[in-house]
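Please have the sequence and the coordinates open as I speak.

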Amino acid sequence: MQSFLTLLKESGDTGPPPTELVDLAGRLCRDLRGDLTQVEPLVEAVLGSPLCLHLLDREDVVVVCALVLAWQEQHQAACRLLEGCRVPGVGSLEVVQLWNDIHSCLAMRRLDVAALTPVQKFRCRKRNPPPPSVCPKGLRSRNFPREVQQKLQDFASGMNTNPDKAQPVRGSRPHLQPLRHPNWPPPARGLHPPATGQSKRSADTPQPGPTPGS
């Protein structure tokens with residue numbers, strides 16, 4: 001850590017920093033990210049240096065700086081840092097998850113709750129999508145492909161609002177026959193005759209005889 005701070009001070013205020021300094025910053029952030037208290041001086045030195053933009057070319061440095069800012073409850077500053085990062089191929093799941101976690105913390109503070117429900121987390125992600133700098137390819141769509149949507153629309157357009165028992169099953173699959181199902185509602189069960197076995201059991205069941213005195 002001390003060697004990094006010394007090398008940063010000797011690198012001057014103008015011009016790109018030496019490759020050794022950038023590599024050392026990335027290695028320290030990668031090794032010390034589990035202890036934010038220990039890496040805090042490095043983050044403060046990086047963010048306060050005129051060479052900040054050059055040092056933030058590494059994803060490890062960007063993630064650790066955002067983590068420390070969020071840990072210091074500077075969530076807006078962490079969001080601005082992620083929005084302005086220009087790391088090639090930074091759109092990793094870790095950075096996207098960090099963006100979502102920061103906005104979840106902001107939502108918990110706004111709602112004054114200790115944790116968000118799954119619905120609140122979903123709404124928070126929908127209201128605060130990651131910027132192109134965080135997710136260049138954009139979020140993955142959960143909609144069906146266009147071909148599947150067209151097939152579903154074609155199928156729905158050929159159906160009636162109240163289809164009878166011959167539609168759509170018997171209309172599209174003539175080899176299928178309607179059968180009685182025990183889980184169907186009573187009106188549906190009444191549309192079909194009872195099974196052969198049930199008729200036989202009903203015939204074999206003795207009927208009660210007349211009561212005495214009738």
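This is a predicted model: local features need pLDDT of at least 70, side-chain atom pairs count only at pLDDT 80 or more; totals for chains, interfaces and linings use all residues.

I begin with helix α7, which has 19 residues and reaches 26 Å from its first C-alpha to its last, close to the 27 Å expected at 1.5 Å a residue; that expected span is 1.5 Å times one less than the number of residues. Helices here are DSSP runs of H or I with at least four residues, strands are runs of E with at least two, and both are numbered from the N terminus.

Residues are numbered from 1 along each chain as its sequence is written, and side-chain values use heavy atoms, with hydrogens and water left out.

The protein chain as a whole comes to twelve helices and zero strands. Of its 214 residues, 29% are buried, where buried means under 20% relative accessible area, exposed over 50%, and partly exposed in between, with a 1.4 Å probe and protein chains only.

To return to α7, its buried residues include Val 95, Leu 98, Trp 99, Ile 102 and Leu 106. The elements covering the buried residues of α7 include α5 (59–71), α6 (75–84) and α8 (118–127). After α7 comes Asp 112, with a positive phi near 60°.

Within this helix, which spans residues 93–111, lies His 103. What does His 103 contact, leaving aside its neighbours within four places in sequence? The partners are Cys 79, Cys 124 and Asn 128, a contact being heavy atoms within 4.5 Å. His 103 counts as buried, at 12% relative accessibility.

Those cysteines lead to my next point. A search of the whole structure finds zero disulfides, a disulfide being a pair of cysteine sulfur atoms within 2.5 Å. For Cys 79, the nearest cysteine sulfur is that of Cys 124, 9.7 Å away. For Cys 105, the nearest is again that of Cys 124, at 9.3 Å. As to accessibility, Cys 79 is buried, with a relative accessible area of 4%, whereas Cys 105 is partly exposed at 32%.

Phe 144 is exposed, with a relative accessible area of 54%. Thank you.
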